[in-house]
Amino acid sequence: MIAIIDYGAGNLRSVKNALDYLKVDSIITSNPNDIKKAEKLILPGVGSFGDTINSLEEKTLIKTIKEQIKNKKPYLGICLGLQILFEGSEESPDAKGLGIFKGDVKRFKELKVPQIGWNSINIKNKKSKLLKGIETNSYFYFVHSYYVEPKDKSIILTKTDYGVNFVSGIEKDNIFAVQFHPERSGDIGLKILKNFVELE
């Protein structure tokens with residue numbers, strides 16, 4: 001069973017619908033016990049960095065999420081679910097991220113924001129489990145004004161060009177996270193979700 005983490009915002013239903021389509025057992029939940037029992041976790045994020053962190057704190061989910069990641073449970077972060085893995089964001093300077101990875105979240109400078117629409121990915125990790133069967137330069141759907149800058153370049157999975165060549169996906173051990181929305185990217189997005197579901 002996959003737990004889709006509900007922090008009071010986010011496109012939870014579209015992720016659930018995609019998993020239902022793939023005939024995968026999933027639950028939308030903010031219950032720490034459900035998260036602990038689940039085989040895998042998905043955190044789909046929409047909104048602001050600070051609001052997301054505050055909501056996770058209010059629901060006492062931060063400790064649970066960090067523990068489950070540390071215990072090697074597969075985690076898929078989508079959009080803000082990627083950004084909160086880092087230390088902080090220019091969007092909400094007073095909010096601390098989960099700090100799983102060193103680095104910050106930056107705002108696109110002198111570019112139209114948010115980036116809304118389809119853009120391509122340049123795959124940096126050819127051995128990626130998440131992107132198995134997906135070719136570089138494939139297009140996915142983006143909606144965001146901020147992007148991550150990891151200190152550890154070895155975790156970079158994909159990059160995307162939007163005036164700047166930004167990191168659009170990361171992968172390390174049991175942690176997978178993308179800036180784009182696989183649940184809104186048609187068949188190729190479903191392929192990513194299927195790859196995550198089938199991880200051993």
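Lys-126 counts as exposed because its relative accessibility is 65%; exposed means over 50%, buried under 20%, and partly exposed in between, with a 1.4 Å probe and protein chains only. This is a predicted model, where local features need pLDDT of at least 70, side-chain atom pairs count only at pLDDT 80 or more, and totals for chains, interfaces and linings use all residues. Residues are numbered from 1 along each chain as its sequence is written, and side-chain values use heavy atoms, leaving out hydrogens and water.

Lys-126 sits in the loop between strand E8 (122-123) and E9. Strands (E, at least two residues) and helices (H or I, at least four) are DSSP runs, numbered from the N terminus. The Lys-126 side chain reaches the backbone oxygen of Ile-123 at 2.8 Å. Thr-158 is 32 residues away in sequence, yet 9.7 Å away in space, C-alpha to C-alpha.

Now turn to E13. Strands pair if DSSP finds at least two bridges between them. E13 pairs with E4 in the parallel sense, over four bridges. Here Tyr-75 has Ile-175 as its bridge partner. E13 also pairs with strand E12 (residues 164-172), in the antiparallel sense and over four bridges. Ile-170 stands opposite Ala-177. E12 and E13 form a hairpin with two residues between them, and Asp-173 in the turn has a positive phi of about 55°.

In a regular strand the side chains alternate between the two faces of the sheet. Ile-175 and Ala-177 point one way from E13, Phe-176 and Val-178 the other way, and all are buried.

Notes
A polar contact is a pair of N or O atoms within 3.5 Å; within protein, one must be able to donate a hydrogen and the other to accept it, and residues adjacent in sequence count only if both atoms are side-chain atoms.
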